[in-house]
Amino acid sequence: MTSSPLTLFHLSDIHFGLEDKRALAWVREEITARRPDAVVITGDHTMRARHHEFAAATRWINALEVPVTIAIGNHDMPYFNLFERFTTPYKRFEGMKALVEREIDLPGLAIVPLKSVRRWQPRTNWSKGWVTEPALERCLAMLDRLPAGTATLISVHHPLREVGTHGTALTHGGEKALAELAKRGVLGVLSGHVHDAFDIAEPTPEGTVRMIGAGTLSQRTRSTPPSFNELVWDGENLTVAVRNLEHVPSEAMLIEDVPADAMPPRTPGEPVAPVGQVPAVDPPVH
Ligand SMILES: [Fe+2]
């Protein structure tokens with residue numbers, strides 16, 4: 001039980017290099033004015049993991065004067081330099097490494113990291129998620145060390161959806177991870193990657209887990225304008241508001257299912273939020 005409600009801002013997929021400057025300035029102002037108890041950023045801080053993109057991300061994130069934890073996204077791994085990708089894949093996080101996959105302990109609530117990226121994968125698409133056994137074990141060990149009765153949220157880049165609407169694996173190992181998290185009664189799994197927000201009760205053999213996704217703060221929008229999630233935990237209920245500059249209500253910002261992939265153009269049948277803004281292509285990456 002918490003003494004007073006906790007407020008968390010869940011941001012994702014800022015993609016410095018192709019960030020939405022207006023949205024980001026607004027989020028910074030909101031954080032300064034509201035001072036949430038923590039900010040969770042679920043990965044894809046950069047567009048192509050370039051040094052200047054990491055420098056901008058590091059400056060922006062380090063300037064936040066509240067507790068921050070960040071997850072590593074597939075776009076944050078060296079993209080052009082394969083040698084570095086294989087040998088020191090997280091070197092570019094140097095300037096903010098204290099925040100990377102950091103556990104945050106608030107009164108009655110803990111935010112626990114889970115890694116879903118790999119430096120290589122035995123399949124052609126390395127942008128998809130993969131929760132390895134060691135990564136899951138690290139996360140579960142952190143959960144198991146918490147005092148009994150602590151409410152927990154998981155921070156991970158990829159939604160832990162093994163099979164999407166079209167039967168494509170989005171996150172290898174996701175199903176097992178979800179079941180283990182359900183067994184431990186986590187409050188929710190916070191993720192990003194698909195650039196639209198969602199709040200889904202996902203059934204697993206061990207019970208239901210709430211999967212909460214934040215949209216993007218970049219120009220790579222999918223079916224909703226740039227947004228972030230404001231979470232309030234009052235010790236009993238966790239509420240999610242999808243905040244955006246267009247004042248679109250939360251319900252209209254949420255997709256009803258997690259798409260099998262995170263790339264436009266969208267194909268018929270893929271989940272699209274009721275707000276209905278569907279750009280055909282991403283803005284070009286320079
Ligand atoms: Fe991603």
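Visitor: What makes V194 count as buried?
Guide: This is a predicted model, and the label comes from counting neighbours in it. A residue is buried if 20 or more other C-beta atoms lie within 10 Å of its own. V194 has 29 C-beta neighbours inside 10 Å, so V194 counts as buried.

Visitor: Where does V194 lie?
Guide: V194 is in the loop between β9 (188-191) and β10 (197-204).

Visitor: Which residues is V194 in contact with, leaving aside its neighbours within four places in sequence?
Guide: They are P159, G213, R222, V258, P259 and A262. To be in contact, two C-beta atoms must lie within 7 Å. As for S155, 39 residues from V194 along the chain, the two C-alpha atoms are separated by 15 Å.

Visitor: Why is strand β12 called largely enclosed?
Guide: Count its buried residues. In β12 (residues 227-233), 5 of the 7 residues are buried, so the strand is largely enclosed by the rest of the structure.

Visitor: How do you know that β1 and β12 pair?
Guide: Two strands pair if there are at least two bridges between them. Strand β1 (residues 6-11) and β12 have 5 bridges, in the antiparallel sense. For instance, L6 has W233 as its bridge partner in β12.

Visitor: What joins β12 to β13?
Guide: There are 7 bridges between β12 and strand β13 (residues 238-244), and the two run antiparallel. Here E230 stands opposite A241 in β13. The two strands form a hairpin, with 4 residues between them. In that turn, G235 has a positive phi of about 95°.

Visitor: Which way does β1 run against β2, parallel or antiparallel?
Guide: Parallel: 4 bridges join β1 to strand β2 (residues 38-41).

Visitor: What is the strand order of the open sheet?
Guide: The 5 strands come in the order β3-β2-β1-β12-β13, with mixed pairing.

Visitor: What makes β3 and β13 edge strands?
Guide: Each pairs on one side only; β3 covers 68-70. From one strand to the next, the twist averages 20°.

Visitor: How do you know that helix α1 has close to its expected span?
Guide: Compare two lengths. Helix α1 (residues 21-34) has 14 residues, and at 1.5 Å a residue 20 Å is expected. From its first C-alpha to its last, the helix reaches 20 Å, so the span is close to the expected value. Just after α1, R35 takes a positive phi of about 45°.

Visitor: Which residues have the most contacts inside the largest nonpolar core?
Guide: They are L11, I154 and V189, in a core of 69 residues. Not counting residues up to four places away in sequence, L11 touches V27, V39, I41, A214, L217 and F228. In soluble globular proteins, nonpolar side chains tend to be buried together.

Visitor: How many helices and strands does the protein have?
Guide: The protein has 6 helices and 14 strands.

Key: Residues numbered from 1 in each chain as written. Predicted model: local features only at pLDDT ≥ 70, side-chain atom pairs only at ≥ 80, totals over all residues. Buried ≥ 20, exposed ≤ 12 C-beta atoms within 10 Å, placed from the backbone. Core = buried A, V, L, I, M, F, W, Y, C linked by C-beta atoms within 7 Å. Axes fitted to C-alpha atoms, helices over the stretch in contact; angles between N-to-C directions.
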